[in-house]
Amino acid sequence: MAKGRRWESRGDSIVLMLLIVAAGSICTSATNFQPVSDAHRSAAVELFTPVDGSFASIEDTYEAVQIFKILGIEGKGDVRGIACSLVSEVLGTSSSPLKELFYAVKVSSLLKCDAKDSHFEVTASILKSIPSDAKSLNDLYYSIVGLALIKNQIPEADVLLDDVDGIFQAIKALSQSDGRWRYSSDNPVSSTYAAGMALEALAGVISLATNEIEQSKINAVKSDILKLFDSIEKYDDGTFYFDDKAGSVSPLATTSSVVRGLTAFASSASGPVNLPEDTILGLTKYFLSIGVPGDAKEFFNQVNSLSCLENSRVSVPLVLTLPTTVVSLSSKDKLKVKVTTALSSRSPPLKVKVVQAFISGSKDVSVIENQELVFDEEGSLHVLDLPASIDVGKYIFAFEIVFHNSKDGKIYATGGQTKVPVYVSGAIKIEKAEIFVLDSDIGSIGTRKQLNFETENDVSLAANHLQKLRLSFQLSTPQGNVFKPHQAILKLKHEKAEHIFVVGNSGKQFQVILDFLGLVEKFFYLSGRYDIQLTVGDAVMENSFYQVIGHVELDLPEAPEKAPRPPLQRRDPFSRYGAKAEISHIFRAPEKRPSENLSLAFLVLTLLPFLGFLVGLLKLGLNLKNFPVASVPAMFAILFHVGVGAILSLYALFWLKLDLFTTLKGLGLLGIFLMFVGHRILSHLASSSAKLKSA
């Protein structure tokens, strides 16, 4: 891009461009499954590291230990010490539940904990006594699989089953005609999840048998497995999974249970379990399609199932992936392919060949056929130089894996051809871009402006309702072919409304003509400035852009009385947090004050009534002859006069500094006080006057 190019950050256009890219990303992720990577290891550390030095349960302990072992994670806290301490506690408690004993034995088999042999002997004795009287599949599963684990850890332990045929038949009796299993003979509901448990339990019975089990019974179970896989679900992208519709178990947990049972039974039974490669690879794709789970249980089911498939005797799935499905012609990128197991282990010696590559939607026209990729040992990648004739666009590449050693074809599952969408991107040529105003009546060009989308554009146009606005440009690929982008949109934005128009094309030529005479109602008869914005974008167009190319001043007729009104503009919810407009107050100018002499004269006039009051007291012969002599009446008389003086002082303070509310509060208190003492002194004077008259 040129340095002077102007990009806008308007929300609607950002969303538009994100949708273009997202559409390509979704299509790509649907078939380009990535194997387990370092992202899984980082997530495992967060999900399974013990909290406050302990795990929530022995089951959680087993899942953490198993995941750390599969992913090769070491040194994350004292997991071994915590786990083995919990194993000793569970095995050393005679009242531990069957499920806890089962998981304690599992943890010990992984970590080789230094538990006492007596603990294992007691546990083996408890587990061995259960199968003969078990009433449910859960009891059979926990006891038999637990005994098999003890046998692998302590070969000399007494764990072999006495009535192998009876126990085998007791488990087989719970199977159904469709390959599913029941949890007990009393429960008529069959379950796919239970089928996985039953297969794993039958594998344990085979390993704990003193004599070889009849081949007819083994074949009957294999037949049940094939019936079970007849009910497998599938998606269009080649993923296979099981859904236990009868229960509340998730498809991931159900599929994981079946995979554990299938691989365990295939490892113990004689002869192969013949399942199509597409099915094994489809199950692998299903687990990989989940990505990196954020839940510990889902994470365990995903990674543990992939480990079971990678170490099974059925078929080891190989995953063909592309580190990136976008190849740039401008950067002269090469197409890179990687083949690994689901857990990112190296594949056996092989070669990758492009059987066919064609533009999406045009399968009959191939751009590449039967071309072998070059193996890069340093990066363990198979590399292909794209031919010079290839152009930008979305392609479907069909890859095929060929083993150097034909024997590897019996061990590994490739699923035949693997089809992956590949986006070949490049810089699109934008030529003959111009915008101009046409006179509607004669079609002559009024104002023409050339546009260059590699730099900043700022055109200024003017038009009325009798004219037209035309925008045109040409798009072509690096090979000179016609290019039709996913989005080509013109927007005219007024301060009160905005209008969007799709730019049509005929071959390389793209153009849009706006006839303002027919658009006046759509424009709500709003005259004024309209900003012109153009968006052209596609997932394979490296120079996609959104640009304000200028403005047009429209002169439209006055709106009729019943013309439609423009809709209310959306308010930005974040605008409330922005800077506010400065508030300026204009106070009323103070009124002109009177002169100083006039003020003093008014003061004298206000004091004259007070002077008249004093003169009146003198004329009346003010004296203290009736002032009480007795101590109590004298005290009330003094307090009365003090109260009157206090009220006068309060008036003076109100004039000088106090506000009205404070003055009223003080006046109320003084009034109550003055009423009380005044009543007492007046009562005394009335009593004295009555005594004088009676005398």
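These legends go with a few close-up views of the structure above. It's a predicted model, where local features need pLDDT of at least 70, side-chain atom pairs count only at pLDDT 80 or more, and totals for chains, interfaces and linings use all residues. Residues are numbered from 1 along each chain as its sequence is written, and side-chain values use heavy atoms, with hydrogens and water left out.

**View 1. Helix H2 has a buried side.** Look at residues 38-48, where His40, Ala43, Ala44 and Phe48 are buried (under 20% relative accessible area, with exposed meaning over 50% and partly exposed in between; 1.4 Å probe, protein chains only). They sit on the same side of H2 because they cover an arc of only 110 degrees around the axis, going by the directions from the helix axis to the C-beta atoms. Asp38 and Glu46, on the other side, are exposed. Helices here are DSSP runs (H or I, at least four residues), as are strands (E, at least two), numbered from the N terminus.

**View 2. Tyr241 meets Tyr286.** Their ring centres are 5.4 Å apart and their planes are at 20 degrees, so this pair is stacked. Rings of Phe, Tyr and Trp (its six-membered ring) pair if their centres lie within 6.5 Å; planes under 30 degrees apart count as stacked, over 60 as edge-to-face and the rest as tilted. Tyr241 is in strand S4 and Tyr286 in helix H12, so the pair ties together parts 45 residues apart in sequence. Both tyrosines, Tyr241 and Tyr286, are buried.

**View 3. Six residues make one aromatic cluster.** Here you'll find Tyr62, Phe102, Tyr103, Tyr141, Tyr142 and Phe300.
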